[in-house]
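Subject: Structure handover

Hi,

Here is the structure I promised to pass on. Have a look at it first, and then read my notes below.

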Amino acid sequence: MLISPAYAQAAGGGGADMLTSFLPLILIFVVFYFLLIRPQQKKQKEHKAMLAAVRRGDKIVTAGGLIGTVAKVIGDDELSVEIAEGVKVKVARGMVSTVLSKTEPAKGDDKDEEDTEETKKD
């Protein structure tokens with residue numbers, strides 16, 4: 001006969017083989033976590049803290065590339081930004097990409113914060 005019969009082989013212990021087959025996937029995930037995911041989370045946390053610290057008088061750059069000075073903090077989500085002398089626009093707080101220069105709070109800034117807190121309560 002030219003064709004020899006094929007016999008089934010006995011299954012060996014699968015515990016060690018399964019661990020060695022998943023080890024490369026686990027190592028890839030660990031590398032991705034430390035090189036991609038963790039730094040991105042850190043950057044998001046810093047950006048969120050920067051957005052929370054924006055106040056009147058700060059010079060900012062928006063996501064659209066406009067450079068201006070914060071004239072008034074309208075609420076948690078909006079800023080009034082002066083982009084040219086006498087030209088003010090409303091900008092969503094989330095669209096601020098960077099703060100170029102931080103300034104000391106202008107006189108009366110506390111009053112503006114109290115006004116916004118009173119409007120939030122209403």
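Before the notes, one term: a nonpolar core here is a set of buried Ala, Val, Leu, Ile, Met, Phe, Trp, Tyr and Cys residues joined through side-chain atoms within 4.5 Å. Please also keep in mind that this is a predicted model.

With that in hand, the largest nonpolar core comes to 9 residues: L51, V54, I60, V70, L79, V81, V91, V96 and V99. Two or more of them come from each of β3 (78-84) and β5 (96-101). As general background, nonpolar side chains in soluble globular proteins tend to be buried together.

Leaving out its neighbours within four places in sequence, V99 is in contact with M50, V54, D58, K59 and I60. V54 and I60 also belong to the largest core.

Now the overall layout. The protein chain has 2 helices and 5 strands, and along the sequence they follow the pattern α-β-β-β-β-β-α. Of the 122 residues in the chain, 16% are buried. The chain exposes about 9900 Å², with carbon and sulfur atoms supplying 61% of that. If you count contacts with a separation of 6 or more, 45% of them are between residues 24 or more positions apart.

On to the sheet. The 5 strands make an open sheet with antiparallel pairing, in the order β4-β3-β2-β1-β5. β4 (87-92) and β5 are at the edges with a single partner strand each, so one side of each has no neighbour in the sheet. On average, neighbouring strands are turned by 45° against each other, direction ignored.

E82 stands opposite K88 in β4.

Last, the aromatic rings. How many aromatic pairs does the count give? It comes to 1. The pair is Y33 and F34, whose ring centres are 5.2 Å apart. Their planes stand at 80°, and angles over 60 degrees count as edge-to-face, so that is what this pair is. Are these two residues buried or partly exposed? Y33 has 32% relative accessibility, so it counts as partly exposed. F34 is partly exposed too, with a relative accessible area of 47%.

Best wishes

Notes. Residues numbered from 1 in each chain as written. Predicted model: local features only at pLDDT ≥ 70, side-chain atom pairs only at ≥ 80, totals over all residues. Heavy atoms only, no water. Buried < 20%, exposed > 50% of the residue type's maximum accessible area, 1.4 Å probe, protein only. Helix = DSSP H or I, 4+ residues; strand = E, 2+ residues; numbered from the N terminus. Contact = heavy atoms within 4.5 Å. Areas by Shrake-Rupley, 256 points an atom, 1.4 Å probe, with all protein chains shown as cover. Pairing = 2+ DSSP bridges. Axes fitted to C-alpha atoms, helices over the stretch in contact; angles between N-to-C directions. Phe/Tyr/Trp six-rings, centres within 6.5 Å; stacked < 30°, edge-to-face > 60°.
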